[in-house]
Amino acid sequence: MTREEKMIQNNVTEHIEVGVEMSTDFDHGRYLNLLTRRLFDSFHPKKALDVGCEKGELVNVFQKYGVDIYGIDISKQSLYHAKDVVQDALLCQADAEMLPFKNNTFDLVTAHHSLEHLKNPDYFIRECKRILRPDGVVCIVVPISPLGLT
C-alpha cells in the first residue's frame, strides 16, 4: 500500500469513526466541528471552498480555524440565510458544475451533502481538479442512512 493510499484509508477510517460516534447522540454542530478538525489537522488548508454551503455552517467552522474560506450555493435563499451565520467570508451564487474560480486556487474543496443533488457530478469532479492546487484535497460527504449520517 502506498503512503497516499494509507493516508486515504486512515482518513476514511477516522471519518467513519466520527460518523459512528455521532450516530448514537447526533449533534450536527459537533459533527461539523469534528469533521473540520480532522480535515484541518490532516491537510492544513489555507484556502478552501465549500460547495453547496447552504446556511454557511461549515464555512463558519472553517473560519474559526483561520482558513480563508469561500462558500457557494445555487440557491439565493440559502445564501441569504448564510449571511446571518458567516462573518467576513465570500459567499456567492454559483453552479458547482461550472465553478467561477481560477485554476489552482484552493487547497481544499468540500462538498457536504451536495454531490447527490448535481445533474452531472463528473463535471464537478473535473472542476475540482481544475481549481485545486497540485497537492489539493477534495472531501465529498454523501448521506448513507435515513438520518443523513455519514
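1. Helices H2 and H3 are oblique to each other, a label for angles that are not under 35 degrees (roughly parallel), over 145 (roughly antiparallel) or 65 to 115 (roughly perpendicular). H2 covers residues 28-43 and H3 residues 57-64; they pack at an angle of about 50°, with axes 10 Å apart. Axes are lines fitted to C-alpha atoms, for helices over the stretch in contact, and angles run from 0 to 180 degrees between N-to-C directions. Helices (H or I, at least four residues) and strands (E, at least two) are DSSP runs, numbered from the N terminus.

2. This is a predicted model, in which local features need pLDDT of at least 70 and side-chain atom pairs count only at pLDDT 80 or more, while totals for chains, interfaces and linings use all residues. Residues are numbered from 1 along each chain as its sequence is written, and side-chain values use heavy atoms, with hydrogens and water left out.

3. H3 is mostly covered, with six of its eight residues buried (under 20% relative accessible area, 1.4 Å probe, protein chains only; exposed is over 50%, partly exposed in between). The buried residues are Leu58, Val59, Asn60, Val61, Phe62 and Gln63. They pack against H2, strand E1 (47-51), strand E2 (68-73), H4 and strand E4 (106-112). Just after H3, Gly66 has a positive phi of about 80°.

4. The largest nonpolar core has 20 residues, and Leu39, Phe62, Ile69, Leu91 and Leu108 have the most contacts inside it. Such a core is a set of buried Ala, Val, Leu, Ile, Met, Phe, Trp, Tyr and Cys residues joined through side-chain atoms within 4.5 Å. H2, H3, helix H4 (76-85) and strand E5 (132-141) each give two or more residues to this core. Apart from it lies another core, of 16 residues, including Leu49, Ala96, Phe101 and Phe106.

5. Not counting residues up to four places away in sequence, Leu108 touches Leu39, Pro45, Lys47, Ala48, Leu49, Phe62, Leu132, Val137 and Cys139.

6. Tyr70 lies in strand E2 and is buried, with a relative accessible area of 15%. Leaving aside neighbours within four places in sequence, Tyr70 is in contact with Lys47, Ala48, Leu49, Asp50, Val59, Leu90, Phe101 and Phe106. Tyr70 and Val109 are 39 residues apart in sequence and 9.5 Å apart in space, C-alpha to C-alpha.

Conventions: Contact means heavy atoms within 4.5 Å.
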